Amino acid sequence: MSDFIKTQTSFADGEILPEFYANDNINGLSRLVNMDVMSGGGLSRRNGLRYVDSLKGAARLMPFSVAENEEYVIALTNYRLYIYQNGVKIQDIITAWPYEAIDKIQCANRFGTMIFVHPDYKPYVIKKENGIFKISDFAFFVNGADLTKKEPFVKFDDALGVTISLGPSDRGANYATFTTNKNFWDAAHVNSRLQLLNLQWQIVEYISPTQIIAYANAVFQRPDEPVADWYESAFGNYRGWPCSIAFHQDRLVFGGTRSWPGGVWMSRVGQHTNFDAGSGLDDEAIFVSLLSKERQQIHTIVSGDTLQILTNSGEWTIANAPLTPSAMEIKQHTAVGSYMAKYLPAQKIEGATVFVSGDGRDVRELCLDEIGEHYNANDLCALSKHLITQPTDMAYNKILRRLYVVLADGKMAVLNHNSASGVSAWGTYETDGEFLSVAVSDEKTYVVVHRGDKYFLECFDAASMKDCDDYGFSFCASGIPLRASGHNLRRLKVRKIFARVLNTKSISINQNYIKLPNEIFSNNNPGFTGDVSVNLLGSIYNTATPTWTIHSADALPATVLSVSISGTYSV
């Protein structure tokens with residue numbers, strides 16, 4: 001038997017998969033629950049949750065920034081939207097979205113205006129006017145002279161070879177009956193627009209699959225021959241609405257619809273409701289389509305140094321500064337693909353775009369390579385794949401450098417990420433209930449939690465030792481199986497386990513409660529700092545299991561800087 005002392009001074013890799021236990025270069029743990037890895041590599045009990053408000057049902061959270069020092073958090077629920085500022089509900093608004101639809105809503109925020117998109121609903125706008133938030137339909141710019149609406153028009157594949165014959169209508173001079181040479185129309189076409197004969201036409205009535213009635217925005221000359229050169233509104237109830245949205249280089253950008261999944265529409269510079277491509281001048285609207293061997297369904301658009309397009313099967317960029325109709329580089333960099341079951345908002349972390357992969361098991365980091373020409377999609381959870389299961393929401397707190405990923409089982413996978421200090425540590429948050437949604441607003445992290453038959457809006461708070469001001473929680477950190485001198489062990493006899501703690505008021509080691517000095521429990525005392533230990537006798541033959549666990553269920557602070565084990569071993 002040989003003597004040993006083994007000290008772990010950093011837990012910077014967080015909870016890792018068992019397949020990495022034999023890697024001596026990894027500062028990992030076999031379990032990490034309700035603890036965070038600090039920038040210095042130590043462990044600290046997570047913050048508790050402060051009660052904010054009771055909700056009538058499940059909700060999804062979104063941040064909303066109106067101006068500097070004017071931040072809000074929005075709770076979307078069944079046909080309603082609640083707005084909170086500094087933890088106080090200030091307004092509620094009726095919406096068009098049932099709860100089952102809100103997991104695919106995306107939004108973009110600029111100049112105190114938030115625009116919401118959903119593939120099955122028209123876009124909506126929320127704007128603060130005279131101290132009150134108001135919701136309205138997104139409206140394309142309309143030319144006052146001839147009522148031309150500056151919306152995008154396209155030629156859909158199923159319209160190729162379809163011709164339109166214009167016949168009279170008893171509705172008036174500007175109306176016409178449109179008859180196609182094959183079945184084409186649907187009742188959902190009503191209120192959408194067509195472009196032909198240098199005019200815009202609004203469909204006002206569906207008659208049959210071959211006939212509709214449309215109204216022109218000006219007097220027209222009825223052609224003698226069927227018209228083959230015509231276009232439809234890119235967006236509408238029949239063709240679908242934009243799936244994704246962003247602002248980029250002072251353009252509003254829409255991405256992907258049901259009928260044109262790879263389309264990217266960019267507004268005129270500085271005119272975010274004008275999508276008229278005009279004659280292709282530098283500041284006019286732009287339309288591009290992603291083309292590859294695979295079908296590209298756009299999922300997310302992110303504005304960075306380039307316009308980043310995340311699809312079901314790859315990661316693209318549209319680059320140039322500035323973007324103009326004649327100067328764009330469209331390129332697919334990687335082929336990971338994004339999670340499509342629901343919208344998980346991509347997060348900007350240390351200059352990279354972080355997103356969930358198509359299989360829902362990876363959290364990827366889209367960032368430039370060393371020479372700054374090509375993007376890579378690095379796997380941020382390569383050591384901790386088991387923790388990412390069925391993600392349902394995601395948010396990042398840049399002040400805490402913490403990424404939160406809500407999971408379908410009600411837990412939350414949390415990444416403490418600080419590349420400057422070499423920390424990239426995954427762990428799990430658990431509570432007496434189920435996490436449903438997460439958002440970061442004004443540097444605070446808010447969550448929706450389902451507890452029993454109630455729903456709560458809560459906020460992580462360093463001053464809170466419990467959850468929702470009343471629910472206790474326990475923390476736990478377990479080491480990985482011990483290795484000594486680069487070898488696996490056959491038998492292990494542990495004499496002592498000791499931990500160096502900082503500002504700690506409650507801690508147990510391997511089910512042994514550590515008694516701390518009485519004076520630290522006064523309110524003005526930060527807690528005990530120093531070494532705590534337990535003496536253990538006996539041999540361990542199952543050396544493939546962790547040798548130490550630090551835990552506590554008390555509503556008291558705990559921080560662990562290092563853990564040491566001493567004893568004897570044989571190989």
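Colleague: Which residues does S10 touch, not counting residues up to four places away in sequence?

Modeller: Contact means heavy atoms within 4.5 Å. By that rule, S10 touches N27 and G41. Keep in mind that this is a predicted model, where local features need pLDDT of at least 70, side-chain atom pairs count only at pLDDT 80 or more, and totals for chains, interfaces and linings use all residues. Residues are numbered from 1 along each chain as its sequence is written, and side-chain values use heavy atoms, with hydrogens and water left out.

Colleague: Is S10 buried or exposed?

Modeller: Buried means under 20% relative accessible area, exposed over 50%, and partly exposed in between (1.4 Å probe, protein chains only). S10 has a relative accessible area of 15%, so S10 is buried.

Colleague: What about sheets? Which strands stand at the edges of the open one?

Modeller: Strands of a sheet pair through backbone hydrogen bonds, either parallel or antiparallel. Strands are DSSP runs of E, at least two residues, numbered from the N terminus, and two of them pair if DSSP finds at least two bridges between them. Here, an open sheet of 4 strands runs 7-41-40-39, with antiparallel pairing. Strand 7 (48–55) and strand 39 (434–441) are the edges, because each has a single partner strand. Strand 7 pairs with strand 41 (residues 454–461) over 7 bridges, and L49 has F460 in strand 41 as its bridge partner.

Colleague: How many disulfides does the structure hold?

Modeller: A disulfide is a pair of cysteine sulfur atoms within 2.5 Å. The structure holds 0. For C381, the nearest cysteine sulfur, that of C367, is 14 Å away.
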